[in-house]
Amino acid sequence: MALVFPVKLADEEKLEILQRLDQFRLWHSLDEKRYCLVCGEIITGREIQVIGNTHGNGPLRIICPTEHCNAMPMEWVRPTDEVLIKIAMAEAERHRLGLINRAGRATRSLPNENDKQYDQQNEA
């Protein structure tokens, strides 16, 4: 497997490559944003990585710039109000579940009624 590295490009070249390689959505500017469905981050055209092989003679690809995320254009959507609302709702649900888990752990660490009765019998 060939190693791939980010390719440094002028803004005009990068925009042209985004327009050519993203067959799912049009790019009018490098400042446009997309929401990555894989990592959950909002990314801009400026941040997207253009990669190719080490010898520069292989095909170019565009991937998400988030560390450990190699999502491609088909996995990016425009961050419309509807998408942003879904993101916020998913984040609120994750937070709610985290609170429930913490409450459950805290409750399990409290002494229960049987423990209290056992302690009272042993103190007598």
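## Exercises on a predicted model

At 33% relative accessibility, Val-7 falls into the partly exposed class, and the exercises below, which all concern a predicted model, start from this residue.

**Exercise 1.** Work out where Val-7 lies in the chain, and decide why Val-7 counts as partly exposed.

*Solution.* Next, recall the cut-offs, by which a residue is buried under 20% relative accessible area, exposed over 50%, and partly exposed in between. Because the value for Val-7 is 33%, the residue counts as partly exposed. Finally, look across the fold, where Val-7 and Arg-61, although 54 residues apart in sequence, have C-alpha atoms 9.8 Å apart in space.

**Exercise 2.** Describe the order of helices and strands along the protein chain, and state what share of its residues is buried.

*Solution.* Begin with the count, which gives 3 helices and 6 strands in the protein chain. Then read along the sequence, where these elements follow the pattern β-α-β-β-β-β-β-α-α. Lastly, turn to burial: of the 124 residues in the protein chain, 23% are buried.

**Exercise 3.** Find how many disulfides the model has, and explain the result for Cys-36 and Cys-69.

*Solution.* Start from the general idea that a disulfide is a covalent bond joining the sulfur atoms of two cysteines. The cut-off needed here is that the two sulfur atoms lie within 2.5 Å. For Cys-36, the closest cysteine sulfur is that of Cys-39 at 3.6 Å, which is too far for a bond. For Cys-69, the closest cysteine sulfur is that of Cys-36, and because the distance is 3.8 Å, this pair is also too far apart for a bond. The count therefore comes to 0 disulfides under the 2.5 Å cut-off. As a further step, compare accessibility with the cut-off for burial: Cys-36, at 0% relative accessibility, counts as buried, and Cys-69, at 5%, counts as buried as well.

**Exercise 4.** Identify the residues that line the largest pocket, and name the elements that give two or more residues to this lining.

*Solution.* The largest pocket holds about 160 Å³ of space. Two or more lining residues come from each of α1 and β4 (49-53).

**Exercise 5.** Say which residues form a nonpolar patch on the surface, and locate Phe-24 in the chain.

*Solution.* The patch consists of Phe-24, Met-72 and Met-74, which together have about 310 Å² of accessible area. Phe-24 sits in the loop between α1 (11-21) and β2 (33-36).

Terms used:
Residues numbered from 1 in each chain as written. Predicted model: local features only at pLDDT ≥ 70, side-chain atom pairs only at ≥ 80, totals over all residues. Heavy atoms only, no water. Patch = residues over 30% accessible without salt bridge, like charges linked within 9 Å, V, L, I, M, F, W, Y side chains within 5 Å. Areas by Shrake-Rupley, 256 points an atom, 1.4 Å probe, with all protein chains shown as cover. Salt bridge = Lys/Arg side-chain N within 4 Å of Asp/Glu carboxyl O. Helix = DSSP H or I, 4+ residues; strand = E, 2+ residues; numbered from the N terminus. Buried < 20%, exposed > 50% of the residue type's maximum accessible area, 1.4 Å probe, protein only. 1 Å grid on protein atoms, 1.4 Å probe; cavity = no way out; pocket = protein on both sides within 12 Å on 5 of 7 lines; lining within 4 Å. Points joined across faces, edges and corners; volume = space filled by probe spheres on them.
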